[in-house]
Amino acid sequence: MENNVIHTKSLDFAVRIVRLGRHLQDECHEYIISKQIIRSGTSIGANVRESHNAQSSADFISKLTIALKEADETQFWLEVLKRSDIIGNKMYESLNTDVNELIAILTSIIKTTKTKKNNRQDG
């Protein structure tokens with residue numbers, strides 16, 4: 001697989017989320033939200049990985065749009081954990097910075113791909 005930023009960052013983020021989920025379960029005895037955030041946080045990278053084998057630009061955009069939605073959901077769960085005082089501000093800020101970066105990269109890739117797709121159709 002090519003070395004590209006979104007693949008690397010989404011995989012690294014998935015690992016951090018799995019570790020957070022383990023911490024939530026083992027240390028905080030929080031099982032419901034830990035499962036939710038593990039599901040959404042790892043789904044980002046899974047959909048990014050699926051986009052690598054997209055059948056068309058529309059399929060590529062679709063996979064990355066799903067990844068973007070999962071990133072937004074993950075951000076929601078991080079906010080819930082912080083506001084519930086289950087995780088501290090330092091952990092929240094670190095993970096939220098990472099997910100914001102993923103959101104920005106995904107948004108940029110989706111917009112660029114749509115623009116290129118529209119330019120090919122117009123030309």
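Student: Is Leu11 buried, partly exposed or exposed?

Tutor: This is a predicted model, where local features need pLDDT of at least 70, side-chain atom pairs count only at pLDDT 80 or more, and totals for chains, interfaces and linings use all residues. Residues are numbered from 1 along each chain as its sequence is written, and side-chain values use heavy atoms, with hydrogens and water left out. Buried means under 20% relative accessible area and exposed over 50%, with partly exposed in between (1.4 Å probe, protein chains only). Leu11 has a relative accessible area of 45%, so call Leu11 partly exposed.

Student: Which helix is Leu11 in?

Tutor: Helices here are DSSP runs of H or I, at least four residues, while strands are E runs of at least two, numbered from the N terminus. The protein has 4 helices and 0 strands, running α-α-α-α from the N terminus on. Leu11 sits in the one covering residues 5-26, helix α1.

Student: How far apart in space are Leu11 and Gly41?

Tutor: In sequence, 30 residues separate Leu11 and Gly41. Going C-alpha to C-alpha in space, the distance is 9.7 Å.

Student: Of contacts between residues at least 6 apart in sequence, what percentage join residues at least 24 apart?

Tutor: A contact means heavy atoms within 4.5 Å. Take the contacts between residues at least 6 apart in sequence; the share joining residues at least 24 apart is 73%.

Student: What percentage of the protein's residues count as buried?

Tutor: The C-alpha trace spans about 55 × 25 × 25 Å along its principal axes. Of the protein's 123 residues, the buried share is 35%.
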